[in-house]
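Please open the structure in a viewer and keep the sequence beside it. The stops below say what to select and what is found there.

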Amino acid sequence: MLQVKCLSLLLLLMASCGQGQAGANGGNGGDPPTDPEYDYTEVEPNNTLKTAQFLTVLPDSNSQSSLLGDFNNSADDIDCYAFFLNPATGAESTFFNFMVGTDASITPRVKLWQTVVDDTGIITGHQLLGTWVSSNGTVVALDVEIPYDAFYNNDLIMEIDPLSWSSPLSGTYILNFWSN
């Protein structure tokens with residue numbers, strides 16, 4: 001399973017490095033390349049944990065999904081995405097995998113959170129599960145264990161922000177995620 005994930009990640013990275021190559025027609029006209037298709041597109045407002053954009057229920061049968069996001073040309077733009085957890089009966093956790101890819105001049109930071117509720121179901125805050133940062137424009141995390149309980153730990157919120165960048169600014173990013 002790990003070999004399949006590593007191979008998928010390698011193929012994705014290799015595909016992203018193929019920009020600027022001439023097509024089979026030698027670069028002499030022909031049809032323009034088609035825009036890639038994404039499963040989701042960022043929808044504002046999604047700048048706080050409370051206004052996170054809902055994406056899907058996890059686990060999602062080991063299928064990979066992708067999202068096209070934008071930092072709105074601002075280092076202050078934070079994007080949050082929510083997932084509802086529904087693992088197999090009796091499971092106390094699920095595993096989450098993600099890759100965020102953007103321009104190499106951007107330092108992306110990803111945080112994973114869970115909502116904290118009291119015994120009556122009132123939301124009292126959020127618990128930070130982990131933080132990932134990379135300086136080359138790509139953050140990858142594999143097999144992050146996410147606690148699950150039908151009442152207390154039944155969601156996951158992902159926060160993505162551009163920790164820093166240098167000019168010229170290219171503020172779009174691609175989020176790939178899957179669970180198992």
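A contact, as the word is used on this tour, means heavy atoms within 4.5 Å. The model is a predicted one, in which local features need pLDDT of at least 70 and side-chain atom pairs count only at pLDDT 80 or more, while totals for chains, interfaces and linings use all residues. Residues are numbered from 1 along each chain as its sequence is written, and side-chain values use heavy atoms, with hydrogens and water left out.

**The whole chain**

The average is 79, and 74% of the residues score at least 70. Next select residues 1-27, where pLDDT stays under 50 and the model has 13 contacts beyond four places in sequence. Where pLDDT is low, the predicted coordinates should not be read in detail.

Now show the secondary structure, in which helices (H or I, at least four residues) and strands (E, at least two) are DSSP runs numbered from the N terminus. Of the 180 residues, 36% count as buried; buried means under 20% relative accessible area, exposed over 50%, and partly exposed in between (1.4 Å probe, protein chains only).

**The open sheet**

Select β1, β3, β10, β5 and β8, which form an open sheet in the order β1-β3-β10-β5-β8 with mixed pairing. Two strands count as paired if DSSP finds at least two bridges between them. The edges are β1 (40-41) and β8 (138-147), each of which pairs on one side only.

**Tyrosine 173**

Centre the view on tyrosine 173, which is buried with a relative accessible area of 1%. Which residues does tyrosine 173 contact, leaving aside its neighbours within four places in sequence? Among them are Glu42, Leu67, Phe71, Tyr81, Val100, Thr102 and Ile160. Then turn to proline 162, eleven residues away along the chain: its C-alpha atom and that of tyrosine 173 are separated by 9.8 Å.

**The salt bridge**

Select aspartate 161 and arginine 109, whose side chains meet in a salt bridge (3.0 Å, N to O). Aspartate 161 lies in strand β9 (residues 155-165) and arginine 109 in strand β6 (residues 106-117), so the pair ties together parts that are 52 residues apart in sequence. A salt bridge is a side-chain nitrogen of Lys or Arg within 4 Å of a carboxyl oxygen of Asp or Glu, and the structure holds one. Are the two partners buried or partly exposed? Aspartate 161 is buried at 5% relative accessibility, whereas arginine 109 is partly exposed at 22%.

Move to β2 (residues 53-58) and β4, which run parallel and are joined by five bridges. Leucine 58 stands opposite leucine 85 in β4. Six of the seven residues of β4 are buried. Phenylalanine 84, which lies in β4 (residues 79-85), is partly exposed at 38% relative accessible area.

Finally, display the surface and select Phe54, Val57 and Phe84, a nonpolar patch with about 270 Å² of accessible area together. Patches are made of residues with over 30% relative accessible area and no salt bridge: like charges are joined within 9 Å, nonpolar side chains (Val, Leu, Ile, Met, Phe, Trp, Tyr) within 5 Å. Accessible areas come from the Shrake-Rupley method with a 1.4 Å probe, and for residues only the protein chains shown count as cover.

Conventions:
pLDDT = per-residue confidence, 0-100.
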